[in-house]
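The following note sets out comments on the structure shown below. The points are numbered so that each may be taken up separately.

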Amino acid sequence: MAIRKKIINQSTEKIVIYAAGAGITYFLIVKPLLVKLGIVKSAAELAQERINAGNINTYIDNAIRSQTPTKSVGEWTIIANNIYESLRYSGIADDKDNAVYQLARAKNDADVATIYKAFGQRQEYLFGLPYGGLQNLTNFVKSNLSDNDLIIVNSNYRRKGIKFTF
């Protein structure tokens, strides 16, 4: 009778058991806790973000195809940068009035679409340290402006016939 060789030695077996335990602990305890705390996005939130990204891209393409922006792409990029610079730091250092002014400069949906596209994904900072992940214009504006500021921007857009709202 042949003697079987052990494929996994004792130390490797312990490593495999610890790794499996750590993986199970992460998926059963740590990840659900991080999702509840809002630190990690749930699968449903990630799926909704993908759907929203597709809807936003459709809006941008349709707006630019059906209307002409009132300023050049370069000018709207400068405005997008101004919005970012006005809102990128902690709430104390933010210039919310300037951000509202910059957002209100849009005159049609093509302008908003061009600003949105120029803004891209940007990082927010809290006391000089990166905070949260990269955010698009909508998430950045919603997380930094008050409800009153959003009402001002959205009513300005409605008055101009702009379909986009924050």
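1. Arginine 122 deserves attention at the outset. In this predicted model, the charged end of arginine 122 sits over the ring of tyrosine 84, at 5.0 Å from the ring centre. The charged end of arginine 122 also sits over the ring of phenylalanine 119, where the distance to the centre is 4.8 Å. Tyrosine 84 counts as buried because its relative accessible area is 9%, and the cut-off for burial is under 20%.

2. Tyrosine 84 also takes part in an aromatic pair. A search of the whole structure returns 7 aromatic pairs. In one of them, the ring centres of tyrosine 59 and phenylalanine 164 are 5.5 Å apart and the planes stand at 35°, so this pair is classed as tilted. The rings of tyrosine 84 and phenylalanine 140 likewise form a tilted pair, with centres 5.5 Å apart and planes at 50°. Tyrosine 84 belongs to helix H3 (residues 73-87) and phenylalanine 140 to helix H6 (residues 137-144), so the pair ties together parts that lie 56 residues apart in sequence. Phenylalanine 140 is buried, its relative accessible area being 0%.

3. What does the pair of tyrosine 59 and phenylalanine 164 tie together? Tyrosine 59 lies in helix H2 (residues 43-66), whereas phenylalanine 164 lies in the segment after helix H7 (147-160); the pair therefore joins parts that are 105 residues apart in sequence. Phenylalanine 164 is buried, with a relative accessible area of 11%. Both residues belong to a cluster linked by ring pairs, which comprises Tyr59, Tyr116, Tyr157, Phe164 and Phe166.

4. The salt bridges may be treated together. Their count comes to 2. In one, the side chains of arginine 88 and glutamate 85 meet at 3.1 Å, N to O. Arginine 88 is buried at a relative accessible area of 17%, while glutamate 85 is partly exposed at 42% relative accessibility. In the other, lysine 96 bridges to aspartate 94, and the closest N and O atoms are 3.7 Å apart. Here lysine 96 counts as partly exposed, at 25% relative accessibility, and aspartate 94 as buried, at 11%. The pairing with 3.7 Å falls inside the criterion because a salt bridge requires a nitrogen-oxygen distance within 4 Å.

5. On the overall architecture, the protein chain has 7 helices and 2 strands. Their order along the sequence follows the pattern α-α-α-α-α-β-β-α-α. The radius of gyration of the protein chain is 24 Å, well over the 15 Å that the globule rule gives for 166 residues, so the chain is more spread out than a compact globule. The C-alpha trace spans about 90 × 40 × 25 Å along its principal axes. Of the 166 residues in the protein chain, 30% are buried.

6. Two C-alpha separations may be set beside these dimensions. Glutamine 102, found in helix H4 (residues 96-104), is buried with a relative accessible area of 5%. Alanine 22, placed in helix H1, is partly exposed at 46% relative accessibility. The C-alpha atoms of alanine 22 and aspartate 61, which are 39 residues apart along the chain, are separated by 45 Å.

7. The final point concerns the surface of the model. Which residues form a nonpolar patch on the surface? The patch is formed by Ile24, Tyr26, Phe27, Leu28, Ile29 and Val30, which together have about 610 Å² of accessible area. Leucine 28, one of these residues, lies in helix H1 (residues 10-37). Leucine 28 is classed as exposed because its relative accessible area is 63%, against a cut-off of over 50%.

Note on methods
Residues are numbered from 1 along each chain as its sequence is written. This is a predicted model: local features need pLDDT of at least 70, side-chain atom pairs count only at pLDDT 80 or more; totals for chains, interfaces and linings use all residues. Side-chain values use heavy atoms; hydrogens and water are left out. Patches are made of residues with over 30% relative accessible area and no salt bridge: like charges are joined within 9 Å, nonpolar side chains (Val, Leu, Ile, Met, Phe, Trp, Tyr) within 5 Å. Accessible areas come from the Shrake-Rupley method with a 1.4 Å probe; for residues, only the protein chains shown count as cover. Helices (H or I, at least four residues) and strands (E, at least two) are DSSP runs, numbered from the N terminus. Buried means under 20% relative accessible area, exposed over 50%, partly exposed in between (1.4 Å probe, protein chains only). Rings of Phe, Tyr and Trp (its six-membered ring) pair if their centres lie within 6.5 Å; planes under 30 degrees apart count as stacked, over 60 as edge-to-face and the rest as tilted. A charge sits over a ring if NZ of Lys or CZ of Arg is within 6 Å of the ring centre and within 35 degrees of the ring normal. The radius of gyration is taken over C-alpha atoms; the globule rule is 2.2 Å times the number of residues to the power 0.38.
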